[in-house]
Amino acid sequence: MANRSVTTESALVRWLLIGLAIVILTLFLLLPLAAVFIEAFRRGSEVFIKALTEDAALSAIKLTLLAAGISVPLNTAFGLAAAWLITKFRFKGRSFLLSLIDLPFAVSPVIAGLVFVLLFGARGWFGPWLKANDIQIIFALPGIILATVFVTFPFVARELIPLMESQGSDQEEAAVTLGARGWQVFRHVTLPNIKWGLLYGILLCNARAMGEFGAVSVVSGHIRGKTNTLPLHVEVLYNEYQFSAAFACAALLALLALLTLGLKSLVEHLSGHSAKGH
Amino acid sequence: MSISIQSIHKTFGSYTALDNISLEVPDGSLTALLGPSGSGKTTLLRIVAGLEFADPGSGHVQFHGEDVTDIPAGQRGVGFVFQHYALFKHMTVAENIAFGLTVLPSSKRPAKKDIDDRVNELLGLVKLDGLGKRRPHELSGGQRQRVALARALAIRPKVLLLDEPFGALDAQVRKDLRRWLRIFHDEIGLTTLFVTHDQEEALELADQVVVMANSRIEQVGPPQQVYDHPETPFVIRFLGNVNAIKDSRNPEAPIFVRPHDVGILFAAEADPATDRLARVQHLFAAGPVAKLSLRLEDGQFLDAELSRQQLDELGLDVGDPVAVRMQGASRFE
């Protein structure tokens, strides 16, 4: 105890707290994750592969990738625009807009889904008009994308706003006085300064877009092989007592999540290196 | 190129940042905008740069007779150096300096080799030869400052604007760079306007000092004139230590006298018409200048400065009676 610091607790307290943390982590994070993979392979890898390659599963994977593939770029653009507006300009209603961006986090996803049904469903506000013009939103891809975009909207914006706030507008102003036009300022000055934060936001946004259940569940209509995303497909299988298949699909989702976490750590690692000395 | 500012008004919401400002900056001069924070000096500089716009219909900014009031910053042709330099930290020094040339439309952009030559020329001009490949974070504060200057000069600006150019540097670098900037300005002869809150810096560096307070201009003139003939109580207070002494003639308007202008005589030599009697309250004699705190008969305190030689001749000590003669005192009635 020669170099014991004032903030160090006794050995007993330390081991008690560390032990508690390990128990909680194991119980709530590691065990469930392990269970998913164990259950998925319980009846052999043949069953696992079959579960993932049957038509309904393939269609769910495709739909999930498609929905994320469309929502994530949209939210990247929206998030960038919102962060740019909020951090580089002062205007009336700025703080209101800031709270509005957080709305999707505050509202239950199920309610978000219901709102879209209320607006665009057959008996919704725009239902008759949509029907007359032969446009289907609810129980179809557009509805799923709308719900996903809504739920994942804050990720990119929330990541960028504090970052851009702390960077200020000096460099942008310098670029402007040097004759750079709007797009050049964004491309050569703003974007390089926020690229790691942006990438991080996109990764989180993507993870949520692929895993979203509540809002998508309400608007999709659960049409097997058509409007089931991967999380919905897992639920259907589970309800049909096809546990191994359900866990196989769940394992795929978990794998995507782990991949995201891995990439996220990589981004943090790289950005940490580039930020050194600044 | 001269800068002419005519009755500029600027408000932020209900706050008036600039109140009817008019100013002429002569061609080739080095002019200081001097004032405390909140005086409006930086806002004025940003309006000249086109980073901020005056209230609609309020007045004009002209460069060499040409109205630039509504021209945005990018087309105004100003070199602006920010207080914290605002270097592009993901670019090398050379890329920073070349920025203003590389963003030109392809029809106006010089060939790559010409840009490289210009960058090298500028690196030489600001004494940073060979540092083009460094990143901003690998440079010292003074070097970053000069990169910012070179970057601003690369576009061959009509005027050079500097916001607190030495504000972020430590004392020694600040002194060196100040001297260097004066010589540099005389070499390139570019009309330069800089903002500072440091009166010593303004007086030492500028050809023309513009003293600002509370969104207005208090006084404009060459450093010596502003220092020797201040026109308002604010100017005399802001430009250095000063005593404000009340007397019976007009208690509303005190007499202002600088410590080094306070003449001290033996009490026996007092001329009742001009001098007042006082006692030495405190004496600080370490260093080349002796600083005295005097207490007048009516209880007011007065600071005085004497050379060590004068102090020795007078042989003063704490508690001694003296006569005080206020030379070159100003009064604003």
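A polar contact is a pair of N or O atoms within 3.5 Å; within protein, one must be able to donate a hydrogen and the other to accept it. Keep that in mind for the first stop. The model on screen is predicted.

**Stop 1: Gln171(A)**

Select Gln171(A), which sits in helix 9 of chain A. Show its side chain together with that of Asn193(A). A polar contact of 3.0 Å joins the two side chains, inside the 3.5 Å limit.

Now display the surroundings. Leaving aside residues up to four places away in sequence, Gln171(A) touches Val189(A) and Asn193(A) in chain A. From chain B, Gln171(A) touches Ala86(B), Leu87(B), Phe88(B) and Lys89(B). Is Gln171(A) buried or exposed? Its relative accessible area is 13%, so Gln171(A) is buried, the cut-off being under 20%.

**Stop 2: the interface**

Colour the two chains separately. In the interface, 22 residues of chain B are in contact with 20 residues of chain A. The two chains bury about 1,800 Å² between them. Carbon and sulfur atoms account for 63% of that area. Next, pick out Lys89(B), His90(B) and Val103(B). These three supply 29% of the area that chain B buries against chain A, more than any other three residues. Lys89(B) is also one of the residues touched by Gln171(A).

Look for polar links across the interface. Four residue pairs are in polar contact there, both residues of each pair having pLDDT 80 or more. Which elements of chain B give two or more residues to the side that touches chain A? Select helix 2 (73-76), strand 6 (78-81), helix 3 (93-102) and helix 5 (141-153) of chain B. Then colour that side of chain B by residue type: 15 residues are nonpolar, four polar and three charged.

**Stop 3: the salt bridge between chains**

One salt bridge is found across the interface. Zoom to Glu173(A) and Arg46(B), which form a salt bridge with their closest N and O atoms 2.6 Å apart. Both residues are buried.

Zoom out to the whole structure, where a search finds 22 salt bridges over all chains.

**Stop 4: salt bridges within a chain**

Stay with chain A and select Glu212(A) and Arg208(A). They form a salt bridge, with the closest N and O atoms 2.9 Å apart. Glu212(A) counts as buried because its relative accessibility is 4%. Arg208(A), at 28%, counts as partly exposed.

Switch to chain B and show Arg216(B) with Asp19(B). Their side chains meet in a salt bridge at 3.0 Å, N to O. This pair links distant parts of the chain: Arg216(B) is in strand 10 (residues 216-221), Asp19(B) is in strand 2 (residues 15-25), and they are 197 residues apart. Arg216(B) has 46% relative accessibility, so it counts as partly exposed.

Still in chain B, select a salt-bridge network. Its members are Arg174(B), Arg178(B), Asp198(B), Glu200(B), Glu201(B) and Glu204(B).

**Stop 5**

Finish by showing strands 9 and 10 of chain B as a cartoon. Strand 9 (residues 208-213) pairs with strand 10 in the antiparallel sense, over five bridges. For one of these, select Val211(B), whose bridge partner in strand 10 is Gln219(B).

Terms used. Residues numbered from 1 in each chain as written. Chains lettered and ligands numbered in written order. Predicted model: local features only at pLDDT ≥ 70, side-chain atom pairs only at ≥ 80, totals over all residues. Heavy atoms only, no water. Contact = heavy atoms within 4.5 Å. Buried area = accessible area lost by both parts, 1.4 Å probe. Salt bridge = Lys/Arg side-chain N within 4 Å of Asp/Glu carboxyl O. Helix = DSSP H or I, 4+ residues; strand = E, 2+ residues; numbered from the N terminus. Nonpolar A, V, L, I, M, F, W, Y, C, P; charged D, E, K, R; others polar. Buried < 20%, exposed > 50% of the residue type's maximum accessible area, 1.4 Å probe, protein only. Pairing = 2+ DSSP bridges.
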